[in-house]
Each structure stands twice: as structure tokens, then as C-alpha cells.
Amino acid sequence: MKHPFYKSIKGRFLLITLVLILMAGISTSAFSYQMFTRNMTNNLIHSTETSLQIFVSQINNTLNEICTLTDWCRNNSQILSFAMTPKTKSSYNRVTSSAADRLDEEFRYNPSGKYICRLVIAGSSRSDYLQVMPNASYSVDKPLPALIQELPYYDQLFFAEDYKFNIGFYEDPFLPSRPQMLPLIRPIYHPYQPSSIGFVYAEISVQLFTSITAQYSQLEGSPVYFTSGSRTYSITADGAALTHDLDSLAECAADTSVHTAANKNARIYKSKSESGRLYVTIPLQAQGCSLTLPISDLAFHEQLSGYLSILTAIFLFCSAAGILLISVLSHTVSRPVRLIRSRLSAIASGDFSKDASIEWDNEFGDIGRTVNQLAVDIQDLINSKIEYEKQQKDYEYQVLQSQINPHFLYNTLGSIKWMAAAQNASGIAEMATALSHLLKNISKGTRTVVTIQEEIILLNDYFTIQKYRYGGTITLTYDIESPELLDASTLRFTLQPIVENAIFHGIEPKRQAGHITIHIYQPAPDQVKIDITDDGIGMSRETIESVLSEDTSEKSRFFKQLGISSVNKQIKHTFGEAYGLTITSEPSVYTLMSVLLPYESLHIG
């Protein structure tokens, strides 16, 4: 019979091999890709984090220098003299000139001066002021102190406990081009009184951030983000500082933290957009300010494309190797299987000769040798069968000659019964009848499971014979809770061995009259229990254990020597471990054997 390719063993083997190779290639590629992307991402994160840490350090240093310059302006004696000397005083011009020269000198030598667009020192209620504008080509002929004090962020910065850079960038209010700057305002206190006498106003240029990040932005093609308070700015190499949502870093922070940063202050966020871009953020020393760099997609995709090419080559190589392996295995397996199948077909047709061509020097050769041996064994078996059948025919004739017809035995017992009845020997007639019933029950019975009613009928015939044997000294009574219980199922020859045990091993040894009671009842709706109680010599615990384990030389001497232990095992085997025999006894008083059965009706209407 020829099977479709996919149903043949060879076809299934080839398909399974191909599927396994493909699955191994795909899973290996997927796992390698996942590990590569994870390692690549971590490497890019650490590289970005290193660059960002450099930027943060440079900006922190510059801001510290600006703060140092501002603190010098607030505490320098010449600046304080200017702030406390009114215009009406004769020394005003000398004090002002000296303070301006000292301020210019300090400004020139401070490394942060190149990032300050404007530095103004003024009294709180005066119109005169000191001003430094290193790159100014445009001067303002306006009352700067009053205008500065009218700025919307003046009070917020002036009354802050410390330097505050988290208010974001603002347009320069004094220049027509309106460049963006980061304002800084700090109070100047009286040297001897707890009151302010003026303020220092500074405008920090966007170039502080763009000059540091310009090279990175040009190489990576992505801006650097500066967060000041609730505002995030995109700082590019051209110096623009634009408000930018950045997919809301605050929302990203609540959603991710997907990789581990080397710097404990750094945080990694993932965008909620479809791109899922990663960002690295490191806070500045200035409270509420931080720098953020996106992970470069360009570098990632360049390395990813190269890696995918390698994976594709590996996958194609594995596929080619798998196909080649399949081809070799197919050639190696198909021919031996075909020859062995042909040999089996020949054996099925009656050719039991030995075929040496299928005995190769491999595993299929072992099968071939087994097939040849099978053919030889079948031939020997057929010859033995023919010889056996010849002998069997000879035996059948001899058996027929010696066979006794069971009806002859029943008829003979019937004749004895009528002869005993004619001579008024009722006991002999009753024993012959009971023995006839017993023999007929044994010879015709083929069912293993019978009703309790049928088992009681057999038991009554057996007890009739035993009653006459012991001269009527033993009696048997029944206590049946409900007639319906007699339709319950039990094993054939369950009660007879138990009653026989009660007679021979309970009542007979005490050499007195004895009584046996059989109580049939329901301990539970789905159970039937039969208690067989005798008033014989009883049993010790050791005797009970030996009876249930069949560790005794005395077994039932009737009905195929069926013992108590065998009855117990047969019940458990037929109905389950929950059922079977239990024995309780008190020596010299009684013995109670209980048979627990499932309540399964076998009523025959």
C-alpha cells in the first residue's frame, strides 16, 4: 500500500527534520538578534551617558564660575561703595569709576565671561548702574534698573534663597533682535545691615549650551535637550533654543526605566511614541535643571543592518545544510526500507526462504536479519502446528471414548433420590437433590458476577449436604434487611468458602452444636454488606492475618480449593480496592467475616 508522502515515515521524518532546522535557525537568529539589540542598546546608552556626563560637567563648571562672579559682585568692597554712594556726594565719580574698572577687570579674567551677554549692577531705588556687555554693538539708553525690576521674573529670582536657573529661557528685553537668554538676578546686601541695597542682573547666553554640544549635534544629527523647570528646550548647533515637548519626559519617567545606567544620577527613559526612542538624562547641579541626549538611531541602524546580513547568511547556510542532510538521509533510508518491505510482502505470500541481501552492516541490517529469522521461525511454527494437529486428532478419539456425559450423572443422582424417597429415606433424597443442584450449577456456570440471590441458592444446596453430614448440629439463618438487596451483584462462590471456613475451622473444633447467621444490609446507599457470624472457637489476630494473606496450609476443600484470601483478592480486583473482606473475632466467642460490595443491581425479570 502506497502512502502519501506526508503520511509515510520517511516523509514525516523529512518534514520534522526540516521544521526543526528551520525552528532552530529562526529561534537562534531571534535570540541572537535580541541579545545583539540589547547589548547594542546598552553600549549606545553608556556611550551617550559618557558624552552627556562631559557636557554636564562643563556646564556645571561654567555655571559655578558665573555664580562665583556674581558672588564677587555682591561682596566686593568697591561695588558695595558704589551701591551705597549717592550721586550728590563729591566722591561719587571717583567711586563709580573705580568700581567700573574693577568690574571690567574681574569680568575679563573670569572664564565664564564669554557666556554672559549682559551684567548689570544697580541700586534698588537708583537710576544709575554699572554694566558690562562684552559683545555688544548696541547700547540701551533706558532706565535699566527700573526696567529690570519690572520684569515678570524679577521677584522670583531676587527673593530666592539661592541661585535659581529653572525658570527657563526668555527673550532679551533690551535688544531689538530679541535673542534668548537665561536670566540671573541676585540681591546685594548692606555690609552692616540686614537689608538689600541693590541687585546683580546677568543674562546667560544660549551659547553656554550650544558651544559645548555643537560637535555632538553635528556628528549625531540630533539636538541636545535642556530642561529648566517645566520647560524642555531643543539646543542645536546653530544656537537655537526652542521650546520642545520631548514627548513629555515626565510622562516617560512614569512609564519606563528600561535599562541600567552606569551613573547613579543618570536616568534612561523611553518615548511613548511609536518609535519608542530612548533618552538619557543627567541632572545639573542647578536644582530643577538637566541635560538629555537621545540615543543615536543612526549608529544603531548601521550596526543592525550589518548584523542582520550576518544572520541572514548564517540562516541560509543552516537551511542549505539541512536540505543536504535531508537528501542524504532520504537516500540512506529509502532503499533499505523498500527492500525490507518487499521481503515482508514475500513472507506474507508464503516465501519463508532466507534473503541475505537485506542483511547490511548497519541498523537496517539488524532489522533484515530479524526478518529472516522471523521467516525461519514461522516455517518452524507451521511445521509444529501441522504435527500437533495430527496428534490432536488421535487424542480426540481417545477422549471421546472415556468422556462421561454429565446428564448420566444427573440421571443417576435422580434415580438415587427416587429410590430413597420410595424407602422413606428423606435425608438421602434431599442430599442427592442438593448435590445434583450443586454439580449442575458448577458445570453450567460461566458468569463470574451473579446476584446475591443466586449465591444464596448455591449456598443452601451446599449447607444441606453439610447439615446431614454433622447430624443437624449446625444451623444457618438469614437476616435480610430488604428483598431488593438480593438483586445486588457479587462474585460467584463468595459465600460458600466463608461458610465452609466457619464450619470446619470455627464450629467443628469446639465439638458442640453451632450456629451461623448471615446478615445482609446497606451501610450506605451505594454499598451492600454481608456479615457471616459463627459462634465457633474464634481467631487470634495472627490467625486473621494469615487467613487474609493465605498463609495457611488449610484451604477450602471444595470448589477448586477457593480460599478466603482468594475471595478477598477477587472482590478487590473486580469491584475496586474500597471493597473486600474484613474479619473481627474474639477467641472462644465468635468470628465475624464481613463482605463489602458496591450496590449494583443485576435483577433479571
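Student: Is Arg343 buried or exposed?

Tutor: The cut-offs first: buried means under 20% relative accessible area, exposed over 50%, and partly exposed in between, with a 1.4 Å probe and protein chains only. Arg343 has a relative accessibility of 5%, so the label is buried.

Student: What should I know about the model and its numbering?

Tutor: It's a predicted model, where local features need pLDDT of at least 70, side-chain atom pairs count only at pLDDT 80 or more, and totals for chains, interfaces and linings use all residues. Side-chain values use heavy atoms, with hydrogens and water left out, and residues are numbered from 1 along each chain as its sequence is written.

Student: Which helix does Arg343 lie in?

Tutor: Helices here are DSSP runs of H or I with at least four residues, strands are runs of E with at least two, and both are numbered from the N terminus. Contact means heavy atoms within 4.5 Å, and Arg343 touches residues including Asp351, Phe352 and Ile358, not counting those up to four places away in sequence. The helix, covering residues 297-348, is α8.

Student: How many residues of strand β6 are buried?

Tutor: In a regular strand, side chains alternate between the two faces of the sheet. On one side of β6, Val224, Phe226 and Ser228 are buried, and on the other Tyr225 and Thr227 are buried too. For β6 (residues 224-228), the count is 5 of 5.

Student: Which residue in β7 is the bridge partner of Ser228?

Tutor: Two strands pair if DSSP finds at least two bridges between them. β6 and β7 (residues 231-235) pair in the antiparallel sense over 5 bridges. Their hairpin has 2 residues between the strands, and Gly229 there takes a positive phi near 65°. The partner of Ser228 is Arg231.

Student: Which strands stand at the edges of the open sheet of 5 strands?

Tutor: The order is β13-β15-β16-β18-β17, with mixed pairing. Each edge strand has a single partner strand, so one side of each is left without a neighbour in the sheet; these strands are β13 (474-480) and β17.

Student: Which residue in β18 is the bridge partner of Ser585?

Tutor: β17 and β18 (residues 590-598) pair in the antiparallel sense over 7 bridges. The partner of Ser585 in β18 is Thr591.

Student: How far apart in space are Glu586 and Ile537?

Tutor: Glu586 lies in β17 (residues 580-586). Glu586 and Ile537 are 49 residues apart in sequence, but in space, C-alpha to C-alpha, the distance is 8.3 Å.
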